Amino acid sequence: MSSRKIPILAVGVPLLIFVTVLIIGMLQSGRDSGRPGVNDTLGEVDVTTDTYSDFQITTLDGRELHLSDLRGSIVMVDFWSSWCPPCRAEASVLAEAYERWSEIGVEFVGVSIWDNEEDVIDFINIHNITYPNGIDNDGSIAVEFGVKGIPEKFFVNPQGEIVRKVNGPNTSQSLDAVLTQMSDEAIGIGGN
């Protein structure tokens with residue numbers, strides 16, 4: 001072997017092995033194709049979902065829940081995952097808001113995307129979440145609703161129309177402001 005080929009092999013072979021291992025690691029990192037990331041556009045955004053979109057989900061307690069079952073109530077649908085840092089930061093805000101708002105008939109539904117049941121149950125227990133939650137294992141509900149990142153919240157009026165969408169985590173104040181406005185509109189105060 002010539003003396004010129006030895007340095008090329010000495011550098012080339014380890015470099016090739018490194019690149020191969022890097023590519024294999026990236027492919028096996030657990031990232032699902034099509035999995036939404038954490039939202040980078042925050043705040044209220046235009047609703048692009050069909051106004052009367054519906055879904056069926058099996059809640060963690062085994063009940064079948066259709067969004068349309070909640071017609072007549074204001075509903076907040078939260079798309080989230082236990083592995084999402086902003087979802088974790090927002091969880092106690094949502095749990096506390098639900099306790100306040102459920103007393104006047106506002107419903108919350110959580111839809112965990114691409115998550116496993118054990119992590120979802122741990123998340124719910126840690127954050128004392130009492131509203132219904134289910135897992136969208138294949139992401140079909142998220143796709144139907146056009147979820148691009150998490151957390152995302154859709155707000156449904158009593159007529160069953162999706163009227164608002166908020167990307168990113170909410171504060172207690174921002175969530176209360178949306179729900180107050182929707183409640184006022186539902187009873188005809190300050191409506192359009």
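Let's start inside helix α3, where the buried residues are Val 120, Phe 123 and Ile 124. They span an arc of only 95° around the axis, so they sit on the same side of α3. Turn to the face pointing away from that buried side and you'll find the exposed residues Glu 118, Asn 125 and Ile 126. As for what the buried residues of α3 pack against, the partners are β5 (75–80), α2, β6 and β7. Keep in mind as you look around that this is a predicted model.

Which residues does Phe 123 touch, once its neighbours within four places in sequence are set aside? The list is Trp 80, Ser 82, Cys 87, Arg 88, Ala 91 and Ile 129. Take Ser 82 from that list: Ser 82 and Phe 123 are 41 residues apart along the chain, yet their C-alpha atoms are separated by 6.1 Å.

Now zoom out for a moment. The chain is built from five helices and 10 strands. It has 192 residues, and 41% of them count as buried. If you take the contacts between residues at least 6 apart in sequence, 71% of them join residues at least 24 apart.

Back to the helices, this time α2. A pair of packed helices is described by the angle between the two axes and the distance between those axes. For helix α2 (residues 85–101) and helix α5 (residues 172–186), the axes come within 10 Å and cross at roughly 30°. The crossing of α2 past α5 is right-handed. On the α2 side, the contact is made by Val 93, Leu 94, Ala 97, Arg 100 and Trp 101. On the α5 side, Ser 172, Leu 175, Asp 176, Leu 179, Thr 180 and Ser 183 take part. Sorted by class, this contact has six nonpolar, three polar and two charged residues.

How many aromatic pairs does a search of the whole structure find? The count is eight. One of the pairs is Tyr 98 with Phe 108, a tilted arrangement at 5.4 Å centre to centre with 50° between the planes. Tyr 98 belongs to helix α2 and Phe 108 to strand β6 (residues 107–113), so this pair links distant parts of the chain, 10 residues apart. Are these two residues buried or exposed? Both Tyr 98 and Phe 108 are buried.

Tyr 98 pairs with Tyr 131 as well, this time edge-to-face, at 5.4 Å centre to centre and 65° between the planes. Because Tyr 98 lies in helix α2 and Tyr 131 in the loop between α3 (117–126) and β7 (133–136), the pair ties together parts that are 33 residues apart in sequence. Tyr 98 and Tyr 131 are both buried. Elsewhere, ring pairs link Phe 55, Phe 79, Phe 145 and Phe 154 into a cluster.

The loops have some backbone details to look at too. Trp 114, in the loop between β6 and α3, has a positive phi of about 45° although it is not a glycine. Its relative accessible area is 17%, so Trp 114 is buried. Asn 128 also has a positive phi without being a glycine, here about 55°. Asn 128 is placed in the loop between α3 and β7. With 58% relative accessibility, Asn 128 counts as exposed, because the cut-off for exposed is over 50%.

Where is the cis peptide bond next to Pro 151? It runs from Ile 150 to Pro 151, with omega near -5°. Pro 151 itself sits in the loop between β8 (149–150) and β9 (152–156).

Last stop: Lys 148, in the loop between α4 (140–145) and β8. Lys 148 has 64% relative accessibility, so it counts as exposed. From Lys 148 to Asn 167 is 19 residues in sequence and 9.1 Å in space, C-alpha to C-alpha.

Key:
Residues are numbered from 1 along each chain as its sequence is written. This is a predicted model: local features need pLDDT of at least 70, side-chain atom pairs count only at pLDDT 80 or more; totals for chains, interfaces and linings use all residues. Side-chain values use heavy atoms; hydrogens and water are left out. Axes are lines fitted to C-alpha atoms, for helices over the stretch in contact, and angles run from 0 to 180 degrees between N-to-C directions. Helices (H or I, at least four residues) and strands (E, at least two) are DSSP runs, numbered from the N terminus. A crossing is left-handed if the near helix is turned anticlockwise from the far one by less than a right angle, and right-handed if clockwise. Contact means heavy atoms within 4.5 Å. Ala, Val, Leu, Ile, Met, Phe, Trp, Tyr, Cys and Pro count as nonpolar, Asp, Glu, Lys and Arg as charged, and the others, Gly among them, as polar. Rings of Phe, Tyr and Trp (its six-membered ring) pair if their centres lie within 6.5 Å; planes under 30 degrees apart count as stacked, over 60 as edge-to-face and the rest as tilted. Buried means under 20% relative accessible area, exposed over 50%, partly exposed in between (1.4 Å probe, protein chains only). The arc is that of the directions from the helix axis to the C-beta atoms.
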